[in-house]
Amino acid sequence: MILKLNRIALLNLLILFTSCNGQTAKQQVKTDNKVEGDIVAELGKSIMVVYQDNNKTYWFGSWKSGVYKYDGKKLVNFTTKHGLLNNRIDEIKEDQLGNIYFSSANATSKISKFNGNTFTTLKAVPSKNWKLDSSDMWFKYSYGNTRKVYRYNGTTLFELQFPNPPNLSNPFDVYSIYKDSKGNVWFGTNPVGVCRYNGKSFDWITEEDVTEFRNEGANGVRSILEDKNGDFWFNTEYRYSIYDSLTLKSNKFYSRHKSIGGLDGKENSNLDEYLSSVIDNNNNLWFVTYRNGVWKYDGVTITHYAVQDNSKDITLFSIYKDKNGALWLGTHENGAYKFNGVTFEKFIY
């Protein structure tokens, strides 16, 4: 009788063990499912942003057709059907572990994370926990005059709301985010100027050139760039010197200098606001305009590069410098372009 019971107990244990192993194997298969994406022959027409990750793989974020991955051999398209949060991609960033993040102006309180196999959606937690850490990642919030931004610490996506700028109560959006050489985070807004967050205080620049309305609308600060001298360019004709504390004369943390003015050299130029900028490996500044091509400033001379398709100027979104120093453009209707040292030519893989 005892032997019979022991056999029954042993059988039950074997069944339990087999069952548990079966569940574990099933879960492992589910966890290891890899999203393959769709292999395509070309990029979508509207490319908003270009990014190269630490594995030298390129990512192209589009206006309507998701994101494209190019590893040097094949071009793969990921969309919402593969788990991407939204088919419009405004930002692409990478963390220290190699995870890729995608944010969209069309998605509220969420961003997508890709671990190389699958997409997961990070949902933001409303918070007042403003903090500055070197490993944190910052993302733009969806548009709607919300005065909000995201901070991600590797575990939690925080949804943060800005305090009002001095003497201003206007609603606003964040159009650009930039981390400077000292670790401060800058936010370009529309239409209340530029904010520097140093972990303790919010310091605002609300000069006319970063808040003014033109042609019955506000362009907003879409580009922030720190040059080799530590001065800042906020997509305007002015250049700003920044200090760690208030200057004695002006009671401000910056000095404002008239700089290159309109890119075309005209006194009343429409080319003193631009969408995107980078500094190349030779310390040249590159500026992208929506309708008037790309402009390079070497500290003395401004050079214009027309970007064309079939001899017609095309509209542009952004400029990006990859790991090798090559310059890329995202365009409104013509895919991506790459600089060959002389001109920008369309990327065809």
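Predicted model: local features only at pLDDT ≥ 70, side-chain atom pairs only at ≥ 80, totals over all residues.
Strand β16 covers residues 194–197 and strand β17 covers residues 202–205. The two pair in the antiparallel sense, over four bridges. If you want a spot to look at, find Arg-196, which stands opposite Asp-203 in β17.

Now please move to another hairpin, the one made by β8 and β9. Here β8, residues 110–114, runs antiparallel to β9, residues 119–123, and five bridges join them. Ser-112 has Thr-121 in β9 as its bridge partner. This hairpin has four residues between the strands, and Gly-116 takes a positive phi there, near 100°.

On to the inside of the protein. The largest nonpolar core is made of 27 residues. Trp-59, Phe-60, Ile-92 and Phe-102 have the most contacts inside this core. Which elements give two or more residues to it? They are β2 (47–52), β3 (58–62), β4 (67–70), β5 (75–78) and β7 (100–103). Of these, β2 gives the most, with four residues.

I'd like you to click on Trp-59. Setting aside neighbours within four places in sequence, Trp-59 is in contact with a list of residues that includes Val-49, Val-50 and Tyr-51, then Val-67, Tyr-68 and Lys-69. Phe-78, Ile-92, Ile-100, Phe-102 and Phe-114 are also among its contacts.

Last topic: empty space. Rolling a probe the size of a water molecule over the atoms shows where such space is left. How many cavities of 30 Å³ or more does a search of the whole structure find? It finds two.

The largest cavity has a volume of about 70 Å³. It is lined by 13 residues, and those nearest its centre are Asp-209, Val-210, Glu-212, Gly-220 and Glu-273. Helix α2, residues 208–211, gives the most to this lining, with three residues. By class, the lining has four nonpolar, six polar and three charged residues.

The second largest cavity comes to about 40 Å³. Its lining is formed by Asp-90, Glu-91, Ser-103, Ser-104, Ala-105, Lys-140, Tyr-141 and Tyr-143. These divide into three nonpolar, two polar and three charged residues.

Note on methods
Residues numbered from 1 in each chain as written. Heavy atoms only, no water. Core = buried A, V, L, I, M, F, W, Y, C linked by side-chain atoms within 4.5 Å. Buried < 20%, exposed > 50% of the residue type's maximum accessible area, 1.4 Å probe, protein only. Contact = heavy atoms within 4.5 Å. Pairing = 2+ DSSP bridges. 1 Å grid on protein atoms, 1.4 Å probe; cavity = no way out; pocket = protein on both sides within 12 Å on 5 of 7 lines; lining within 4 Å. Points joined across faces, edges and corners; volume = space filled by probe spheres on them. Nonpolar A, V, L, I, M, F, W, Y, C, P; charged D, E, K, R; others polar.
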